[in-house]
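Here is a short briefing on the structure shown below.

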Amino acid sequence: MSTFSSLGTALSALYAQQHGMDLTGQNVANANTDGYSRQRVRLEAMGGVAGPQIFTRSMQPGAGVKVVDFQRIRDAFLEQRALTEQSSTTALQAGQTALSRIELSFSEPGPNGLQSQLSEFWGSWDDLANRPGDVGARSQVVERAQTLVQGFNRAAGDLVSLRNSLTDQLRSRVDEINAQAGRIAELNNSIQSSVQAGLSPNELLDQRDQLINQLSNLVGISTRDGAAGTVDVFVGGSALVRGPNTETLGVTTDAQGNATVMWNRLGVRADLAGGGEAGGLQNAINTTIPTYQSRLDALANQLRDAVNTQHQAGDDLVAGQPTDPFFTGSGAAGLAVNPTIVADPNRVAAAAAGAGALDSANALAMAGLGDGVGSPDAVYRALISDLGADAQRVNRQADIQSQIASQVDAARKAQSSVNLDEEMTNMIAYQHAYDAAAKFMTAVDQTLDTLIHMGVVGR
Amino acid sequence: MPPFRVTQSTISANVLAGLQTNLERMQGIQNRLSSGKQLNRPSDSPSGVLDAMGYRANLRRLDQYTRNADDGLGWLGTADQSLTSSLDLVRRARDLMVGAGNAGLSQESRDAMASELDSIRASLLSVANTRYGDRPIFAGTSAVTDAYTAAGAYQGDAGAVERSVGQGARVTVNLTGPEVFGPAAGGGPSIFDVLATAATDLRSGNPVQLANVTSADLSALDGWRTRIQDQLSVVGARYNRIETMRTRADDSTSTISQRLSDVEDVDLPKAVTELQMQQVAYQAALAASARVVQPSLVDFLR
């Protein structure tokens, strides 16, 4: 044991406590920084002799303290869990938005929905039945039919444009995913270099974690630690980011309007089962909206067939020609009132076949088509009720899921965020330790002083 | 649940989330109050919306039934008037014919009676051509201008004019000419023929024909009179039926409006109470948050 080794011990203590105080300062400074993980200085007592040997035994305390590293405190499992929950939340929210816009395009319940237009259409046949000879009543039937047809066309058009706008949104989200993946890869690169240079990359790690966190809002991902501090990011089991390299995603659309997210290089479908906004959007575009589109189309065709059958069973006021079909076209977007009838309201068939010109049995039968089980009205109401139930279910799921996500987020934050009381306590501890180390140094100094001036004794 | 570390940022995040939830609830109640509707979109209550749409469709249908019934009542009312005045005319004709049996009458008086019978026949013809709106009510479903020609020939058809006055309830609101005035489907003279024959018989001066006026002609006229009376009661019965259906439609309208309002409209006292409770909760949350941002250890260090 050398005379001055105690000074070394005191110095190491001063350094260590100084680091502790610095880190406390860093933590306090970042108490409100998003994505910052609190850090701890990891201290280790320095031993005396490296290894016990037979002839170099000496009674020696350790040689002070050393700073091992700065440790980021966070729970890796909670981080993973937070990614999953966030992806599910944003997927549900995307579905929720889509359904609520479908609801808007039907504008039910209210005076402008298809239900009231259907009612008015059937009502106009009743009015025609009351005044079968009146051109006004005939024109009204045609007018109401045109309003109804426009209602169908508009609803169908709304659904198509909703689908297109969601597809645009999906494209821009996929672009964001690619950009985000690029930044993560760059950070991987920087982290790798600083780890290899023996530097502490904690702040870079925080930045990267935050990017990954944001990425999980866009698409369902999982992560795995790679070599030298890097992290690999996977979408549905395929690597989006691997070390400093990335793959890119793209969106392809087909003739039916379906949109698919693909791996650009491999040319295969990306598995978006993990959710994220992209997953939610893809599901809305390919499943939710087409369901309602096809139900609306089926309803339009049912209405067309029912009305045409009844119409052609009757007689119009124009002699010597078979009764025309009332509606033409197919599907909600294609439905139209027969132009021949629009041009000549006398071609509206109010009378039963073979009856007098002012008979209105056919109009009465037509007016009754809106009643009863299986009528177009009932089918439409079932459609709206199912839409409501769907939207309600997704709303509830999204509520529950966002609560789960915020709980997991809170748990995650509880691990990694800065508690000022704790930092203050640490600061006091470091401060006192620093004081004590300084005191120790003074004591050693005085001891040495005593030793150095010992020679004058007896002179 | 394992005890979490509590830090300043988790506290503020929780406080914010709590206040947000409170405000959202308040916004929901205020939306309902300001729109007056508790159903604004299908997802608010799928079954409620289903009911509301059904009720709305029902209300329109009932409104239509009421309009149809009003129109039907118009038809039947007109028919009732026509039949009543026909009966008056027939009664006058009958009085004349009964009087014609008096042996002391001169041929001139008989001729005058015959002229009166002719004018009664003309009036009866114009009654038979009565219109409702622009349609002769006794012409069935044909598009002719008059039900009978001046010669008394029926030009209409046997079609029924129906009005739908309730779910599956159709009421015939017309009587065809032959049902009231003849000629009957199987042939035979119409009431106009009977009157014309009587007038001819009166003018003939032939005792055999004169005798017919008070026997054969009179009994034929009585036959038609009974017929018109019968039809009058048919009209009355149909009128009553439509009126009943109309009243029922009115009753249903108010019941269904009430139900629609129950489903769709905001229960005001309940919503206001909820709003007040929510306000109290929000204020409590605000007060709590003010205390949550508490002093930390920093305040106690020198």
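In this predicted model, strand β7 (residues 249–253) of chain A pairs with strand β8 (residues 259–263) of chain A. The pairing is antiparallel and runs over 5 bridges. The two strands make a hairpin, with 5 residues between them.

**The β7–β8 hairpin**
- A:Thr252 has A:Thr260 of β8(A) opposite it.
- A:Gly257 sits in the turn and has a positive phi of about 90°.

**The four-stranded sheet**
- An open sheet of 4 strands in chain A has the order β3-β4-β5-β6, with antiparallel pairing.
- Strands β3 and β6 (245–246) of chain A are the edge strands. Each has a single partner strand, so one side of each lacks a neighbour in the sheet.
- Strands of a sheet pair through backbone hydrogen bonds, either parallel or antiparallel.
- β3(A) and β4(A) are joined in the antiparallel sense by 4 bridges.
- A:Thr223 has A:Val233 in β4(A) as its bridge partner.
- Helix α4(A) lies across β4, β5 (238–242) and β6 of chain A. Its angle to β5(A) is about 55°.

**Helix α5**
- Helix α5 of chain A covers residues 202–218, a run of 17 residues.
- From first C-alpha to last, α5 of chain A reaches 25 Å, close to the 24 Å expected at 1.5 Å a residue.
- Which residues of α5(A) are buried? They are A:Asp206, A:Arg208, A:Asp209, A:Ile212, A:Leu215, A:Ser216, A:Asn217 and A:Leu218.
- The cover over these buried residues includes helices α2 (76–106), α4 (135–196) and α6 (276–312) of chain A. It also includes strands β3 (222–225) and β4 (231–235) of chain A.

**Nonpolar cores**
- The largest nonpolar core holds 95 residues. A:Ile102, A:Phe152 and A:Ala278 have the most contacts inside it.
- α4(A) is the element that gives the most to this core, with 20 residues.
- A second, separate core has 50 residues, including B:Val90, B:Ile120, B:Leu195 and B:Leu221.
- Beyond its neighbours within four places in sequence, A:Ile102 contacts A:Leu159, A:Leu162, A:Ile289, A:Tyr292 and A:Leu387.
- In soluble globular proteins, nonpolar side chains tend to be buried together.

**Where chain A meets chain B**
- On chain A, 44 residues are in contact with 44 residues of chain B.
- Four elements of chain A give two or more residues to the side touching chain B: α3 (114–130), α9 (361–367), α10 (376–416) and α11 (420–452).
- Which element gives the most to this side of chain A? It is α10(A), with 16 residues.
- The side of chain A that touches chain B has 18 nonpolar, 17 polar and 9 charged residues.

- Most residues other than glycine have a negative phi, and most peptide bonds are trans.
- A:Glu108 and A:Pro109 are joined by a cis peptide bond, with omega about -10°.
- A:Pro109 is in the loop between α2 and α3 of chain A. A:Ser107 is in the loop between α2 and α3 of chain A as well.
- A:Ser107 is not a glycine, but has a positive phi of about 35°.
- Why does A:Ser107 count as partly exposed? Because it has 18 C-beta neighbours inside 10 Å, and a residue needs 20 or more to be buried.
- A:Ala228, in the loop between β3 and β4 of chain A, has a positive phi near 50°. A:Ala228 is partly exposed, with 14 C-beta neighbours inside 10 Å.

**Two further positions**
- A:Gln60 lies in the loop between β1 (39–45) and β2 (65–72) of chain A.
- Is A:Gln60 buried or exposed? A:Gln60 is exposed, because 11 other C-beta atoms lie within 10 Å and the limit for exposed is 12 or fewer.
- A:Gln60 and A:Gly47 are 13 residues apart along the chain, with 9.1 Å between their C-alpha atoms.
- A:Thr340 belongs to helix α8 (residues 339–343) of chain A. With 13 C-beta neighbours inside 10 Å, A:Thr340 is partly exposed.
- Not counting residues up to four places away in sequence, A:Thr340 touches A:Asp324 and A:Arg347.
- The C-alpha atoms of A:Thr340 and A:Ala156 are 24 Å apart, and 184 residues separate the two along the chain.

Conventions: Residues are numbered from 1 along each chain as its sequence is written. Chains are lettered from A and ligands numbered from 1 in the order in which they are written. This is a predicted model: local features need pLDDT of at least 70, side-chain atom pairs count only at pLDDT 80 or more; totals for chains, interfaces and linings use all residues. The expected span of a helix is 1.5 Å times one less than its number of residues. Two residues are in contact if their C-beta atoms, placed from the backbone, lie within 7 Å. Ala, Val, Leu, Ile, Met, Phe, Trp, Tyr, Cys and Pro count as nonpolar, Asp, Glu, Lys and Arg as charged, and the others, Gly among them, as polar. A nonpolar core is a set of buried Ala, Val, Leu, Ile, Met, Phe, Trp, Tyr and Cys residues joined through C-beta atoms within 7 Å. Two strands pair if DSSP finds at least two bridges between them. Axes are lines fitted to C-alpha atoms, for helices over the stretch in contact, and angles run from 0 to 180 degrees between N-to-C directions.
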